[in-house]
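Trainee: I have a new model on the screen and would like to learn how to read it. Can you take me through the features one by one?

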Amino acid sequence: MARSIRPQTISETMKNKAKFKEFFSSVKIGDGALATYLHSQGESLRQSFEALNLTAPEKIQGVHEAYLDVGAELIETNSFCANRHKLKEFGLENQTREILK
């Protein structure tokens, strides 16, 4: 069963300052190298991993779920190279906003 992963907004976080303070009062475990993980699963290095947000969102969600399953408490978005300059290398510069949604 897929989890619903929804980032929390700053206003939602700030509504509960006690939880916010508690959460950040200790060391947290984050996810790992997303592109490295995807490559180990057969994805080519000669592509935009950020484009997978549009073409294979289930793969990205699966990676996030795998990290959560082994104890990650923080998940970063798949957006490391999601900027017009870098996406232009793949002809995707006009899809930057869609990739970042």
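**Reading the model, feature by feature**

Mentor: Start with tyrosine 67, which counts as buried at 15% relative accessibility. Keep in mind that this is a predicted model.

Trainee: What share of the 101 residues counts as buried?

Mentor: For the protein, the figure is 24% of 101 residues. The cut-off is under 20% relative accessible area, so tyrosine 67 at 15% falls on the buried side. The protein exposes about 7700 Å². Carbon and sulfur atoms supply 56% of that area.

Trainee: Now the fold. How many helices and how many strands does the protein have?

Mentor: Seven helices and zero strands. Read from the N terminus, the order of elements is α-α-α-α-α-α-α.

Trainee: And which share of the contacts joins residues at least 24 apart?

Mentor: Take contacts between residues at least 6 apart in sequence. Of these, 64% join residues at least 24 apart. Two C-alpha pairs give you distances to check on screen. Lysine 59 and leucine 38 are 21 residues apart along the chain, and their C-alpha atoms are separated by 8.3 Å. For glycine 71 and glycine 30, 41 residues apart along the chain, the C-alpha separation is 8.4 Å.

Trainee: Where is glycine 71 found?

Mentor: In the loop between H5 and H6. Glycine 71 counts as partly exposed, at 33% relative accessibility.

Trainee: Next, the nonpolar core. Which residues make up the largest one?

Mentor: The general idea comes before the case. In soluble globular proteins, nonpolar side chains tend to be buried together. Here the largest nonpolar core has nine residues: Leu34, Leu38, Phe49, Leu52, Ala56, Ile60, Val63, Tyr67 and Ala72. Two elements, H3 and H5, each give two or more residues to this core.

Trainee: Which element gives the most to this core?

Mentor: H5, with three residues.

Trainee: How is a pair of aromatic rings described?

Mentor: By two values: the distance of the centres and the angle of the planes. The count in this model comes to one aromatic pair. Tyrosine 37 and tyrosine 67 form that pair, with 5.6 Å from centre to centre and 50 degrees between the planes. Planes under 30 degrees apart would be stacked and over 60 edge-to-face, so the 50 degrees of this pair make it tilted.

Trainee: Why does this pair tie together parts that are 30 residues apart in sequence?

Mentor: Because tyrosine 37 lies in helix H3 and tyrosine 67 in helix H5. Tyrosine 37 is partly exposed at 28% relative accessibility, whereas tyrosine 67 is buried at 15%. Tyrosine 67 is also one of the residues of the largest nonpolar core.

Trainee: What is the N to O distance between lysine 59 and glutamate 43?

Mentor: Their side chains meet in a salt bridge at 2.2 Å, N to O. Lysine 59 lies in helix H5 and glutamate 43 in the loop between H3 and helix H4 (52-55), so the parts tied together are 16 residues apart in sequence. Lysine 59 counts as partly exposed, at 36% relative accessibility. Glutamate 43, at 12%, counts as buried.

Trainee: That leaves glutamate 89. Which residue does its side chain meet in a salt bridge?

Mentor: Lysine 86, at 3.3 Å, N to O. Is glutamate 89 buried or exposed? Exposed, with a relative accessible area of 52%. Lysine 86 is partly exposed, at 29%.

How values were computed. Residues are numbered from 1 along each chain as its sequence is written. This is a predicted model: local features need pLDDT of at least 70, side-chain atom pairs count only at pLDDT 80 or more; totals for chains, interfaces and linings use all residues. Side-chain values use heavy atoms; hydrogens and water are left out. A salt bridge is a side-chain nitrogen of Lys or Arg within 4 Å of a carboxyl oxygen of Asp or Glu. Helices (H or I, at least four residues) and strands (E, at least two) are DSSP runs, numbered from the N terminus. Buried means under 20% relative accessible area, exposed over 50%, partly exposed in between (1.4 Å probe, protein chains only). Contact means heavy atoms within 4.5 Å. Accessible areas come from the Shrake-Rupley method with a 1.4 Å probe; for residues, only the protein chains shown count as cover. A nonpolar core is a set of buried Ala, Val, Leu, Ile, Met, Phe, Trp, Tyr and Cys residues joined through side-chain atoms within 4.5 Å. Rings of Phe, Tyr and Trp (its six-membered ring) pair if their centres lie within 6.5 Å; planes under 30 degrees apart count as stacked, over 60 as edge-to-face and the rest as tilted.
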